[in-house]
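Please open the model in your viewer and keep the selection tool at hand. The tour below moves from one selection to the next and says what is found at each stop.

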Amino acid sequence: MASISSGAGAATLRRDFLGSALESRPKHAIPLGRSIIRASKSSPKLPNRRLRVAVIGGGPAGGAAAETLAKGGIETVLIERKLDNCKPCGGAIPLCMVGEFGLPLDIIDRRVTKMKMISPSNVAVDIGRTLKPNEYIGMVRREVLDAYLRDRATASGAEVINGLFLQLDTPQRPNEQYKIHYTHYDGSTLGGQRKTMEVDAVIGADGANSRVAKSIGAGDYEYAIAFQERVKIPDDKMEYYQERAEMYVGDDVSPDFYGWVFPKCDHVAVGTGTVTHKSQIKQFQAATRLRAKDKIEGGKIIRVEAHPIPEHPRPRRVLDRVALVGDAAGYVTKCSGEGIYFAAKSGRMCAEAIVEGSENGARLIDESDLRKYLAKFDKMYWPTYKVLDILQKVFYRSNPAREAFVEMCADEYVQKMTFDSYLYKTVVPGSPLDDLKLAINTIGSLVRANALKREMAKLTL
Ligand SMILES: Cc1cc2nc3c(=O)[nH]c(=O)nc-3n(C[C@H](O)[C@H](O)[C@H](O)COP(=O)(O)OP(=O)(O)OC[C@H]3O[C@@H](n4cnc5c(N)ncnc54)[C@H](O)[C@@H]3O)c2cc1C
């Protein structure tokens, strides 16, 4: 299988909880040429200046990180290559993100309360039945959300630079600054101006193809390729998607993921993804369009986009005073392909660790400060990642298993558990009796799925 490469020294890696490799490098160690120097436990006070941190990338991870840093007294610079970037994305966000990040309701295009899960044989199950009146899945356009978060970072005191990060020179001595090389698009020169900048720490929030990850030899991850078309459909058809989103499962739309129709302000986003059969992505996209044909007929494709989605965290997410967050770190859940909330949360958590470790910008930080962010993030979200990983392995492996999955989704208890987990980002403890019923139903569904698979195999012999 292909993977996104960031040139890690894979020889020193062990496995982490999600099955991805982890570095076994000692903590508090700074590479100096070929030798290793150990950083002191308490980092030095900064004379007559505040800690200076560069955030590379202005998506949800970068915007959230920069805002938290600036609010915490850190001199913050955010470098974003494209300020009107329209990240290819379904734009679905959980309800808790609206509250936790204080998002104004006018940047949310749609509030989805009806999520239709559609099986390979087109059995449709509505999985929003247990939602309370004030609960919904938010649908945003990324160009709107990202700009909003960046503007808030600016308002908090961060400097936002329109520039392309090129490379990072690591310090040759402990406590020295990093040198960032970038192209500054200041409008004065065609193609921008090459510049450098010195900073004490760097947050890599530059997405799946992260150059910061490459700079620190962060290593590879598997990735899915996701393809999406934005389709402007007639108003009467748009009415159907007013509060509704659809997820299609089946070998036709993706061998290992799902196809979707997500509503936006005046159009729908139709897409699909795959890890295992990347070269056939256009064929899966055509199949998704075909499945939704009746509902999007007469629509005009206004934008076509594709982008990688990381499958698991990178082998290395922190090195010295450089940390990766969001897609650059690899924080997208399996099964649902969700990454916006985890990007913003990891950006914020990483920035909080820097603010705390530097005593609001008065001290230099070291790797142990950044490792606190990793420990907190992993502890908080490990169950969510693990559950979704297992769900994908069990239910996305064949059409009969997907039929079983959709059948299971009709159960109100399953709906409540999955929706609560999605909306509030906690793996909700259930009731023992209902859990037992669910286990029996699941086994029943899987037995039926396997029986069906055997019958289908006989038919094709
Ligand atoms: C088709 C598709 C559909 C998806 N649907 C959903 C969904 O519905 N819900 C969900 O939660 N997640 C979804 N995801 C995943 C989600 O898009 C990502 O997890 C999320 O965008 C990660 O945010 P980020 O800030 O880490 O990275 P990004 O959003 O990728 O932001 C990185 C930023 O860095 C900038 N940048 C990159 N390189 C440089 C450089 N060298 N110099 C300066 N700037 C740079 C980019 O311009 C960009 O603005 C989807 C992904 C895809 C591909």
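Select alanine 65 first, and with it the residues that it contacts beyond its neighbours within four places in sequence: Val55, Ile203, Ala205, Val325, Gly347, Arg348, Cys350 and Ala351. Two residues count as in contact here if their C-beta atoms, placed from the backbone, lie within 7 Å. This is a predicted model, in which local features need pLDDT of at least 70 and side-chain atom pairs count only at pLDDT 80 or more, while totals for chains, interfaces and linings use all residues. To find each residue, note that numbering runs from 1 along each chain as its sequence is written.

Now widen the view to the largest nonpolar core, which has 109 residues, and in which Ala65, Val325 and Cys350 are those with the most contacts. Such a core is a set of buried Ala, Val, Leu, Ile, Met, Phe, Trp, Tyr and Cys residues joined through C-beta atoms within 7 Å; a residue is buried if 20 or more other C-beta atoms lie within 10 Å of its own, exposed if 12 or fewer, and partly exposed in between, with C-beta atoms placed from the backbone.

Next, select helix H9, residues 340-357, which gives this core its largest share, 11 residues. Helices (H or I, at least four residues) and strands (E, at least two) are DSSP runs, numbered from the N terminus. Of the 18 residues in H9, 16 are buried, so that the helix is mostly covered. Just after H9, select glutamate 359, where phi is positive, at about 50°.

Move on to strand E7, residues 75-80, which is largely enclosed by the rest of the structure because five of its six residues are buried. With strand E6 (residues 52-56) it pairs in the parallel sense over five bridges, where pairing requires that DSSP finds at least two bridges between the strands. Isoleucine 56 has isoleucine 79 in E7 as its bridge partner. Strand E13 (residues 159-169) runs parallel to E7 and is joined to it by four bridges, and valine 77 stands opposite glutamate 159 in E13.

Finally, select aspartate 109, in the loop between helix H2 (95-100) and strand E9 (110-112). Not counting residues up to four places away in sequence, aspartate 109 touches Met139, Val140, Arg141, Lys264 and Cys265.
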